[in-house]
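User: Please take me through this model in questions and answers. I am new to reading structures.

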Amino acid sequence: MALKDVMKDIEGYTRITEEIQTLRKYGSDFTDRKGEVERMMALLHPKTVPLVVSEIVTETESTKTFRLTARGGHLPPFQAGQYINVFLEAGGVRTSRPYSISSSPTQTGYYDITIRSVADGFVSSWFLEEARVGDAFESTSPSGTFTYNPLFHGNDLVFLAGGSGVTPFMSMIREVACKGLDRRIHLVYGSTDVKDIIFEQELAQITQRHPNIQVSHVISSPPKRYRGLKGFITAELMQELLGDLSAKTFYVCGPEVMYGFCRAELEKLGVARRKVRTEVYGPPRDVTSQPGWPGDVKAGDTFSVKIRGGRTIPARAGEPLMVSLERSHIVIPALCRSGECSLCRTKLMSGRVFHPEGVKLRKSDRQFGYIHPCMAYPLSDLEILL
Ligand SMILES: Cc1cc2nc3c(=O)[nH]c(=O)nc-3n(C[C@H](O)[C@H](O)[C@H](O)COP(=O)(O)OP(=O)(O)OC[C@H]3O[C@@H](n4cnc5c(N)ncnc54)[C@H](O)[C@@H]3O)c2cc1C
Ligand code: FES
């Protein structure tokens, strides 16, 4: 049967061809709109977003908010809870780190990112100490799926935040407050000390004006005579604060240790796994303590990595391969730096790497030897194809 005959069986084919003929007859057949979709896509999801630091706000002793505006263009829209991966040059090395956008998506003129310095942190320390108003960066366009989905999440939400993990929640809370949305939110926010609480005043003001938004601070190392909630976000504490959990959706974002802890506590309360959403959190602090790490390889062991058709570079077992590449001034595409997005997917020609639990390798990646260098740790000499 000829292709033309088959096409006639497709629903709508005849109507569309007739419409094309009519349009051609009267002067327009949509070819004048060629490229329109691509242009729209480039506006909504550009590959890179040129940014400049317009303002810096000190939030706590160890945390600052950087207000980033567009350098001669516009900012692509985002959903509350998404992050951008910021590329920068620190200590002579080009690298990147993902940061959640803490401002509301209703503000289209800027992205706020709120960064807490971590002990021996490379980029966070650079931001806290070196970044200045006027500094220029590039980032990816906003990404990530740690966002509210009205079809599945209902309108009774519990946010479990630890430290700087409050940032995506701040964006969600600001949006709900700004638009007056019909969503109940209870933020249970764990901090080490009272002075470490980020956005304390603004959160207090929002809860005063919006009875659908509640905030409970939980302090793990409180000062003497502290009267508020102390310790960690345990099952007992959640039961006491939240009452009936049956219709609630839980979101968790915070330091690595918080995920396993909160999951176990929520399990004690009978909360189903599908009701718990977690943000990705980047490389583990100490990969050698991850389940499955081979005991005979030490974090400081150094292997050689041959790049097919190129140089051979050193790589420490305890560091993600992406970091070793960047140390040798080889920058590969990156977005989540958490093993989730697949953007850094690279062919491993020979050798062994360790991927911590949770890295989202596809079945075909495993079968054909692809790795995610942002979360792949060398266990032997390697050869890779970039
Ligand atoms: C989706 C997502 C959202 C996030 N949102 C936030 C947020 O809102 N706020 C926030 O504070 N954090 C956020 N983070 C964490 C953030 O991305 C960084 O992990 C954090 O700032 C720590 O980065 P760091 O470089 O300071 O520390 P680390 O990443 O711990 O720095 C140490 C790393 O840098 C390497 N390194 C050290 N020296 C060098 C060098 N000379 N050259 C190259 N590499 C070197 C080390 O080997 C090690 O791997 C988020 C993470 C994710 C995944
Ligand atoms: S950067 Fe996302 S998987 Fe590596």
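User: In which sense do β13 and β19 pair, and over how many bridges?
Analyst: This is a predicted model, where local features need pLDDT of at least 70, side-chain atom pairs count only at pLDDT 80 or more, and totals for chains, interfaces and linings use all residues. Residues are numbered from 1 along each chain as its sequence is written, and chains are lettered from A and ligands numbered from 1 in the order in which they are written. Strands (E, at least two residues) and helices (H or I, at least four) are DSSP runs numbered from the N terminus, and two strands pair if DSSP finds at least two bridges between them. Ile307 stands opposite Ile384 in β19 (residues 382–385), and β13 and β19 pair in the parallel sense over 3 bridges.

User: Which residue in the hairpin of β13 and β14 takes a positive phi?
Analyst: Strands β13 (residues 302–307) and β14 (residues 312–316) run antiparallel and are joined by 5 bridges. Lys306 stands opposite Thr312 in β14. The hairpin has 4 residues between the strands, and the residue with a positive phi, near 80 degrees, is Gly309.

User: Which strands stand at the edges of the open sheet, each with a single partner strand?
Analyst: The open sheet has 6 strands in the order β10-β9-β8-β7-β11-β12, with parallel pairing. One side of each edge strand is left without a neighbour in the sheet, because each has a single partner strand; these are β10 (229–230) and β12 (276–278).

User: What angle does the direction of helix α8 make with that of β11?
Analyst: Axes are lines fitted to C-alpha atoms, for helices over the stretch in contact, and angles run from 0 to 180 degrees between N-to-C directions. Contact requires C-beta atoms, placed from the backbone, within 7 Å. Helix α8 (residues 256–268) packs on the sheet, touching β7 (156–162), β11 (249–253) and β12, and its direction makes with that of β11 an angle of about 160 degrees.

User: Which element gives the most to the shell around ligand 1?
Analyst: The shell has 32 residues, and the closest are Gly121, Phe122, Val123, Ser124 and Thr167; a residue is near if its C-beta atom, placed from the backbone, lies within 6 Å. β4 (93–100), β5 (111–116), α4 (123–130) and α9 (321–327) each supply at least two residues. With 6 residues, the element that gives the most is β4.

User: How far apart do the C-alpha centres of domain 2 and domain 3 lie?
Analyst: The protein chain is divided into domain 1 (44–139), domain 2 (156–278) and domain 3 (292–385), with bounds from an automatic or database domain assignment. The C-alpha centres of domain 2 and domain 3 lie apart by 35 Å.

Methods. Two residues are in contact if their C-beta atoms, placed from the backbone, lie within 7 Å.
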